[in-house]
Amino acid sequence: MENKKRVFTVLCIDGGGVRGVIPARILQEIEERTGKPIVELFDMIGGTSTGAIIGGCLLAPDPKNPSKPRFTAKETLSFYHNLAGKVFPEMRFKGIRKLSTGALYDPKPLEDGLKAHLGDLKMKDMLTSFLIPAADIKNFKPVWITHLKDQKDKSKEGWDSMLLRDAVRVATSAPTYFPARYVETTPNEETPNIKHRHALIDGGFFGGNAMQHLLAQAQKIAPPDAEIVVVHIGTGSPDNNMSPDEFNAFGPLGLVSPANGNILMSLVIKMSMRDCENDMRDEIGDRLFSFDDGVNPKNDPNSPSISMDDAREDNLKRLEKHAEKIIKDNNGEMDRLCSLLKHREFAEERHLESQDAIQKLTDKMAATNTVKGLMRLYMRIVNFSIGKEIPKPAPDDGEIKALVGKLTEHHKAEIDRIYRVMLDKKQHQNKILNAFKEAGENITDITKKIFVEPFKADPPPPANNDNKPPSSNTNNPPKRDGHKPGP
């Protein structure tokens with residue numbers, strides 16, 4: 001992929017509980033290789049479950065410098081090490097707690113941690129576009145808690161008004177792990193007392209199609225001349241290799257047991273993700289980057305646990321090592337991605353230069369007085385764009401050539417469209433002027449015939465003083481000499 005091309009970048013982060021250590025470590029590697037925070041590298045970020053925690057941390061603005069992120073990827077990784085043990089404490093008799101409360105874990109440590117890190121920030125405060133999948137258990141439908149940067153919130157739910165910590169909390173409300181809860185939004189800021197209550201849980205049930213949804217949203221808001229690049233980072237989903245007998249041996253409860261990595265749910269999500277990824281590769285080719293690798297402790301004694309709630313420090317370190325293995329195994333792709341991300345800023349600067357150049361060339365074309373003048377200027381632009389010298393140089397050739405040299409391929413095509421519009425307009429104006437000119441000439445002839453010619457005086461008869469009768473005009477008496485009349 002050429003680094004000079006303008007790109008719109010999308011980041012999709014999978015769910016997986018404490019296995020969020022893996023994408024956090026991979027994102028740390030991307031920040032270190034590029035020297036830039038994630039929020040400056042991606043135009044849109046989507047996170048499922050634990051991916052929402054990572055996305056929320058990386059997109060939250062710094063109170064002291066609101067244009068910069070509050071946390072780096074490395075600090076987000078530390079968040080897992082510091083909080084995971086409190087959120088997922090080791091306990092005996094988990095099954096009894098589940099039967100008595102409907103969930104394995106008390107959500108308070110997670111909620112306290114989110115409040116400490118994210119405060120009272122709302123979705124609309126995010127530094128770039130942020131999308132979180134959730135499942136509406138009241139209406140049994142999938143929803144996307146969505147903030148699109150620099151765009152008005154058009155959702156009837158008012159997702160922009162939702163507290164970020166609430167959005168992340170419902171995204172991590174995986175069934176059997178944490179209890180479901182209500183959250184509120186304010187659909188209309190002019191009526192802040194009118195609230196909507198939403199009953200939402202983890203969107204992992206349909207989160208396997210997150211990449212496709214993000215791509216569809218990116219296609220709606222990305223600049224028309226930008227290529228969309230999608231980066232998918234997984235959490236090391238269970239790499240199960242089972243025979244029918246092994247699968248059947250788990251039984252109904254074993255297939256959904258957290259201790260076994262919730263095999264049934266993992267299978268559904270993983271199959272959906274694989275299918276989605278295959279379709280996306282067909283659609284965008286090498287503009288899809290995917291960093292993931294299955295976790296299989298049965299075959300690898302150094303592998304981390306497949307469990308989403310194994311918060312032992314030893315397991316967290318194994319998860320980091322698993323992320324480093326993914327980075328090493330995909331070093332070439334990582335270099336290609338980081339090169340693209342680093343150069344996206346240069347591509348954006350080049351786009352702005354091209355935008356300024358096309359505006360100046362458009363002004364020059366608009367200033368031409370005639371169709372021939374416009375055509376001559378356009379031919380000079382075309383010749384300069386293909387590197388052809390002009391036989392008869394004009395005084396401003398240097399300026400025109402410099403402006404043409406700054407045009408991107410997109411703007412070269414745009415200048416052609418602008419020229420054709422201006423040419424049609426000028427030709428139409430000429431037709432109107434000629435029509436008025438002809439009509440003006442006709443009107444002049446008719447006016448002369450009707451109003452001028454009938455009143456022209458006949459030529460005077462030849463002079464004949466001998467036969468001239470005396471004047472009978474009493475109003476004009478004959479002139480007298482200068483003597484006064486007598487008495």
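Tutor: Let us start with a word you will need: a residue is buried when its relative accessible area is under 20%. Keep in mind that this is a predicted model.

Student: Thanks! How many residues does the protein have, and what share of them count as buried?

Tutor: The protein has 487 residues, and 44% of them count as buried. They belong to a chain with 15 helices and 8 strands. Among contacts with a separation of 6 or more, 73% are between residues 24 or more positions apart.

Student: How do I read a pair of aromatic rings, and how many aromatic pairs are there?

Tutor: A pair of aromatic rings is described by the distance of the centres and the angle of the planes. This structure holds 5 aromatic pairs. Take tyrosine 105 and phenylalanine 178: the ring centres are 6.2 Å apart and the planes stand at 45°, so this pair is tilted.

Student: Where do tyrosine 105 and phenylalanine 178 lie in the chain?

Tutor: Tyrosine 105 is in the loop between helix H5 (94-101) and helix H6 (108-118), while phenylalanine 178 is in the loop between helix H7 (164-171) and strand E5 (181-185). The two are 73 residues apart, and their pairing links distant parts of the chain. Both tyrosine 105 and phenylalanine 178 are buried. Together with Phe88, they form one aromatic cluster.

Student: Why does the pair of tyrosine 378 and tyrosine 419 count as stacked?

Tutor: Planes under 30 degrees apart count as stacked. The planes of tyrosine 378 and tyrosine 419 are at 0°, with the ring centres 3.7 Å apart, so the pair is stacked. Tyrosine 378 sits in helix H13 (residues 371-385) and tyrosine 419 in helix H15 (residues 409-452), so the pair ties together parts 41 residues apart in sequence. Both of these tyrosines are buried.

Student: What sits over the ring of tyrosine 182?

Tutor: That is the charged end of arginine 197, 3.8 Å from the centre of the ring.

Student: Now helices. How many residues of H7 are buried?

Tutor: For H7, 8 of the 8 residues are buried, so this helix is largely enclosed by the rest of the structure.

Student: Which residues are buried in helix H14?

Tutor: First the general idea: an α-helix has 3.6 residues a turn, so residues three or four places apart point the same way. In helix H14 (residues 397-405), the buried residues are Asp397, Ile400, Leu403 and Val404. They cover an arc of only 130° around the axis, which puts them on the same side of H14. The face turned away from that buried side carries the exposed residues Gly398 and Gly405.

Student: Which residues have the most contacts inside the largest nonpolar core?

Tutor: They are Leu27, Ile30 and Ile145, in a core of 74 residues. Helix H4 (residues 73-87) gives the largest share of this core, 7 residues. A second, separate core of 21 residues includes Val10, Cys12, Val230 and Met280.

Student: How many disulfides does the structure hold?

Tutor: It holds 0 disulfides. A disulfide needs two cysteine sulfur atoms within 2.5 Å. For cysteine 276, the closest cysteine sulfur is in cysteine 12, 7.9 Å away, which is too far for a bond. Cysteine 276 counts as buried at 6% relative accessibility, and cysteine 57 counts as buried at 1%.

Note on methods:
Residues numbered from 1 in each chain as written. Predicted model: local features only at pLDDT ≥ 70, side-chain atom pairs only at ≥ 80, totals over all residues. Heavy atoms only, no water. Phe/Tyr/Trp six-rings, centres within 6.5 Å; stacked < 30°, edge-to-face > 60°. Helix = DSSP H or I, 4+ residues; strand = E, 2+ residues; numbered from the N terminus. Buried < 20%, exposed > 50% of the residue type's maximum accessible area, 1.4 Å probe, protein only. Lys NZ or Arg CZ within 6 Å of the ring centre and 35° of its normal. Core = buried A, V, L, I, M, F, W, Y, C linked by side-chain atoms within 4.5 Å. Arc of directions from axis to C-beta. Contact = heavy atoms within 4.5 Å.
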